[in-house]
Amino acid sequence: MKSHRFMLSIAVVMLVSAVAFAQNQADTQKESAAKSDGHKPDMHKSAEAAPSLAQKSFNQLKTLTGTWEGPVSLDPPQPDMDNGKPLHVSMRVTSRGNALVHEMQEAGTPLDPTKYDHPVTMFYVDSERLTLIHYCDAGNRPRMTGKVSADGKTVEFEFLDLSGGTEYGHMHHAVFTSIDDNHHTEDWTYMMPGDKPVHAHFDLKRAQ
């Protein structure tokens, strides 16, 4: 009887040892594979980490953060607006880097939007799309989508849709072009009533 118990105990010990050995071998193989993978690029993760075209376009716009001033030229000229009148533009990053605010006003005028034009434009990445919403003094909010040029210097926005009325017209198109760190241009196309476009070219130098 004692002999049977002894043999049974040995069998149990051997079985447990075999299972432990197998588990240890499996763990070792997993650790080796993990270490090996650590030296190889994970293509899936790399693809996820790479910025999208929309994010690249947004990052390019962020380089324009600051205050700018320069003349505005209109084509065709407008009877109630002076060609060459200086414009003040400010751009600032907000919302933990998720939005860019663009504000413009006539240079030298007080910041009083009740008496002077003071349109505000917001830029942000919406899913895989760079989006612009222009809060116009005309009382509407056109939305545009943009993309960066191949050389990375120009971001162009195309009209998508609009909220609000178009009795006084609406902003329809915008292009931002970086010349250097202290110089950029903006081209805005305003659609007058009757779908008559007016092109405004801003030649801006960094003021701060």
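Mentor: Here is a walk through the salt bridges, pair by pair. The model is predicted, so to speak of local features we need pLDDT of at least 70, and side-chain atom pairs count only at pLDDT 80 or more, while totals for chains, interfaces and linings use all residues. Numbering starts from 1 along each chain as its sequence is written, and side-chain values use heavy atoms, with hydrogens and water left out.

Searching the whole structure turns up three salt bridges, each being a side-chain nitrogen of Lys or Arg within 4 Å of a carboxyl oxygen of Asp or Glu. Side chains of opposite charge can pair when their charged atoms come close.

Take glutamate 106 and lysine 85, which meet at 4.0 Å, N to O. Glutamate 106 sits in strand β3 and lysine 85 in strand β2, so the pair ties together parts 21 residues apart in sequence. (Strands are DSSP runs of E, at least two residues, numbered from the N terminus.) Glutamate 106 is partly exposed at 33% relative accessible area, and lysine 85 is partly exposed at 30%; buried means under 20%, exposed over 50%, and partly exposed in between, with a 1.4 Å probe and protein chains only.

Next, glutamate 103 and arginine 92 form a salt bridge at 3.7 Å, N to O. Glutamate 103 belongs to strand β3 and arginine 92 to strand β2, so this pair ties together parts 11 residues apart in sequence. Glutamate 103 counts as buried at 17%, whereas arginine 92 is partly exposed at 43%.

Then there's arginine 143 with aspartate 161, at 2.5 Å, N to O.

Notes: Helix = DSSP H or I, 4+ residues; strand = E, 2+ residues; numbered from the N terminus.
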